[in-house]
Amino acid sequence: MGSARDRANGRNLVAKHLRSGGEVRADTAAAFTEYLRRFGTVLSDRNTAVVTSFTNELFTSIVDGSIVTGAPPLPVATGALKSSYAITQEGPATFRIHSSDIAALAVEYHWRGAKYRNGGPHGRAITVAGAPRLLAMVTREVVG
Amino acid sequence: MYDHAAGHLALQSRAITLSVKTTGSATLAATTSGYTRSAGSFVTDGFVAGMEVKPTGFTDTTPRLITDVAALTLTVDVTVDSLSVQSAGSGRTLVTGLPTIREWQNVAIQTPVKPRRHSIHESYAPATQEQITSPYDGGLAEETGLYLLRWEIPENTGWLAIDTCVNALLALFTPGTAFTAGSSTLRVRGDIAPWASGLVNQGNGRASRTITIPWRVFSRTTVAA
């Protein structure tokens with residue numbers, strides 16, 4: 001909904017159009033309505049694609065590392081830590097990336113005693129800091 | 001080119017300046033269980049149980065955990081290190097600052113972590129580098145990364161002390177804070193501003209909060225001949 005001023009301006013334009021002998025054709029109005037509906041669908045699909053891809057990229061950055069964010073991959077000894085990570089959808093555009101492994105905290109916060117023959121700590125924090133770069137990349141890929 | 005060593009050192013030097021609470025220069029005495037004063041107030045100064053306090057101007061300058069705070073009496077933990085009695089004297093201070101048990105990155109910890117003491121643990125994590133203007137030689141590059149400080153406290157010391165300390169530390173690194181790093185300027189980011197984790201009980205008698213400081217540096221690139 002536009003503001004009261006916008007609506008008043010719209011009425012004034014229509015009144016001016018009619019005073020000058022113009023007419024509002026029903027088929028034109030219907031076509032415009034259909035155009036808006038299709039445009040809305042395109043926007044909605046793109047929004048869904050951006051949110052989904054962005055979530056997947058965040059997950060990949062945290063778990064496998066990313067050259068876009070600079071996050072290191074999770075260290076792998078048995079693979080249990082990596083496989084403990086999952087994505088849960090909690091709303092139309094709300095996702096939660098989580099781990100069920102207590103070792104995730106020790107690695108993320110680099111507690112004393114944490115060792116890394118491969119991978120590294122702070123992957124989640126580095127991913128958060130690099131999120132704008134990921135979002136820009138995903139948006140370019142989706143929107144073109 | 002951005003000098004990582006200079007940037008790391010600048011961030012570390014800033015953290016070391018932290019002063020959370022202080023008596024300022026005052027007339028203070030030491031007892032077997034803590035510190036006393038005849039004027040002023042430890043409560044008004046802002047000390048709370050769970051903070052670690054470092055004395056200066058006393059013979060015994062070992063930092064200790066505060067266990068109770070009253071206007072004229074500050075009780076500290078003496079279960080590990082006994083406190084030497086010292087009569088009142090002027091020009092002394094009690095300060096809560098960055099813990100003196102410090103684990104700098106890849107440096108053997110100076111003092112072993114003690115169960116009844118605070119400690120700080122550092123990470124410096126470069127993350128991205130991007131050439132954002134041409135030419136390659138002399139163009140502008142943008143580098144980002146994180147500076148992380150994990151502040152550990154003994155378990156069962158509450159949340160007020162650690163929250164107060166973390167707030168004070170974050171205040172040293174507000175978005176836009178600039179540091180000279182060689183010929184470049186390192187700035188604390190504002191688009192992703194510094195944040196602190198929740199209090200995590202580590203399960204080893206310690207609890208911690210991690211402060212994450214995202215930084216950004218613009219510098220001129222140099223292509224080696």
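Trainee: Which strands of chain B each supply at least two residues of the lining of the largest pocket?

Mentor: First, the conventions: this is a predicted model, in which local features need pLDDT of at least 70 and side-chain atom pairs count only at pLDDT 80 or more, while totals for chains, interfaces and linings use all residues. Residues are numbered from 1 along each chain as its sequence is written, chains are lettered from A and ligands numbered from 1 in the order in which they are written, and side-chain values use heavy atoms, without hydrogens and water.

Mentor: Rolling a probe the size of a water molecule over the atoms shows where empty space is left. On a 1 Å grid over the protein atoms alone, a pocket is an open set of points with protein on both sides within 12 Å along at least five of seven lines, a cavity is a set where a 1.4 Å probe fits but cannot get out, and lining residues have an atom within 4 Å of a point. The strands you ask about are β9 (119-131) and β10 (140-154) of chain B; strands are DSSP runs of E, at least two residues, numbered from the N terminus.

Trainee: How much space lies in the largest pocket, and which lining residues are the closest to its centre?

Mentor: The largest pocket holds about 280 Å³, a volume being the space filled by probe spheres set on the points, which are joined across faces, edges and corners. Of its 20 lining residues, A:H110, A:R112, B:E103, B:N106 and B:E122 are the closest to the centre.

Trainee: Is B:I120 buried or exposed?

Mentor: Buried means under 20% relative accessible area, exposed over 50%, and partly exposed in between, with a 1.4 Å probe and protein chains only. B:I120, in strand β9 of chain B, is buried because its relative accessible area is 1%.

Trainee: How many residues of each chain are in contact across the interface?

Mentor: Contact means heavy atoms within 4.5 Å. By that rule, 15 residues of chain A touch 27 residues of chain B.

Trainee: Which side chains meet in a salt bridge?

Mentor: The rule asks for a side-chain nitrogen of Lys or Arg within 4 Å of a carboxyl oxygen of Asp or Glu. B:E130 and A:R133 meet in this way, at 2.8 Å, N to O.

How values were computed:
Helix = DSSP H or I, 4+ residues; strand = E, 2+ residues; numbered from the N terminus.
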